[in-house]
Amino acid sequence: MADAVADEVLKQTPLHDLHVELGARMVPFAGYSMPVQYKAGIMAEHQHTRSKAGLFDVSHMGQAMLIGPDHATTARALEALTPSNFVELGYGRQRYTVLLNDEGGIIDDLMVTRPVSMADDGKLMLVVNAARKDVDYAHLRERLPENVRLEVFEDRALIAVQGPEAVAAVAAHAPRAAELDFMSAAPMEFDGIACHVARAGYTGEDGVEMSVPAGAAEAIARALLADERVEPIGLGARDSLRLEAGLCLYGHDIDEMTSPVEGAITFCMQKRRREEGGFPGAERIQGELADGPGRVRVGLRLEGKAPAREGAEIALPDGPVIGTVTSGGFAPTVGAPIAMGYVPSEHAEIGTALELIVRGKRLPATVAQMPFVPNRYYRKPKP
């Protein structure tokens, strides 16, 4: 009875009934009932995404818009809360960034898109993590200037299609999707349905994320799943795919205590912002950029087949504990267990020998280059 009550209070995405119809095992995640895997299983779903195309329901994520009188005003308002350069973000371009607290810790990581149309000047589209969206929205509303407002979209779904054949499958219904470059976005029609498509994702593969009307989400998903190249993918494979890609999961690999430098995501900080500062926690972050952080996120390759999960201790060989695993598991593409975690910077060099303590047993591991599997994002050839 308690489980039934718990299920009743979970939110459902517009694709919930489709997941159930497809035989998904549903689990609570960030307050939603979400598919963790389908009948084929996590391993098969992972490999299908790497070889063909996987469809992910990410409608639990938060979608919102910052709206100001012009681009410069809105961009500067967001720059006051993040370490990224939005003033110079081009039309139809997307950027990964982080909301920072006053100590330079990460409140959330998010995607920001400048609309492609000049008619939408002054708008910036946001996609934030499901478990953090209420925190993010409250933080933004508290700190945005009076002439910039936050509008939250409650009637949108978000569908990701990832893999080497993903864009071709989507382009069969929305031909303009094939014209997008990595980290670019544009409005278009999918079988006559207005949607907004960005060429990005969370797997290391080429692919798109599609913001669509909630009422049209099931029709779009069914149209894509009718393509033999596309299979539904759950949270289990989503996690193993992003781990192979070396991508952070908020609340695990980064949090309010972690700086972007410690998290090894300084690519979100463009040159002007690194030099000028002017963002929360700038003194700490600029100091870490100049002198190095005390600890840093690293990739780890384990010997043998036993995986190390989140919370496993990282130690020097036959020595003291120096860190903690934040994400870990078996990597199907690599054919071996991998992990990410934090160690002191002096032990972060590629090739450094370490040990991971799993159920009291010390397992040999080595600091490894990330991503563990080469990224295959699409970038248009330069003329």
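**Close-up views of a predicted model**

**View 1. Strands S1 and S3 run parallel, with 2 bridges joining them.** S3 covers residues 32-37. Strands here are DSSP runs of E with at least two residues, helices are runs of H or I with at least four, and both are numbered from the N terminus. Two strands count as paired if DSSP finds at least two bridges between them. On the S3 side, Tyr32 is the bridge partner of Lys11, and Ser33 is the partner of Gln12.

A quick note for all the views: this is a predicted model, where local features need pLDDT of at least 70, side-chain atom pairs count only at pLDDT 80 or more, and totals for chains, interfaces and linings use all residues. Residues are numbered from 1 along each chain as its sequence is written, and side-chain values use heavy atoms, with hydrogens and water left out.

**View 2. An open sheet of 3 strands goes in the order S1-S3-S2, with mixed pairing.** The edge strands, each pairing on one side only, are S1 (11-12) and S2 (25-29). S2 and S3 are antiparallel, with 5 bridges between them, and Val27 stands opposite Met34 in S3. Is S3 enclosed or open to the outside? It is largely enclosed by the rest of the structure, because 5 of its 6 residues are buried. Buried means under 20% relative accessible area, exposed means over 50%, and partly exposed is in between (1.4 Å probe, protein chains only).

**View 3. Helix H8 (residues 235-244) lies across S2 and S3.** H8 runs at about 70° to S3. That angle is taken between N-to-C directions on a scale from 0 to 180 degrees, using axes fitted to C-alpha atoms, for helices over the stretch in contact (heavy atoms within 4.5 Å).

**View 4. The second largest pocket holds about 270 Å³ of space.** A pocket is found on a 1 Å grid over the protein atoms alone, as an open set of points with protein on both sides within 12 Å along at least five of seven lines; a cavity is a set where a 1.4 Å probe fits but cannot get out, and lining residues have an atom within 4 Å of a point. Volume is the space filled by probe spheres set on the points, which are joined across faces, edges and corners. Here 18 residues make up the lining, and Tyr32, Ser59, Lys133, Phe153 and Glu154 lie nearest the centre. H5 gives the most to this lining, with 3 residues.

**View 5. The largest cavity has a volume of about 150 Å³.** It has 15 lining residues, with Gln94, Met125, Val127, His196 and Ser211 closest to the centre. The lining splits into 9 nonpolar, 5 polar and 1 charged residues. Nonpolar covers Ala, Val, Leu, Ile, Met, Phe, Trp, Tyr, Cys and Pro; charged covers Asp, Glu, Lys and Arg; the others, Gly among them, are polar.

**View 6. His347 sits in the loop between strand S18 (336-344) and strand S19 (353-358).** Its relative accessible area is 19%, so His347 is buried. Leaving aside residues up to four places away in sequence, His347 touches Leu316, Ile322, Thr352, Leu354 and Val367.
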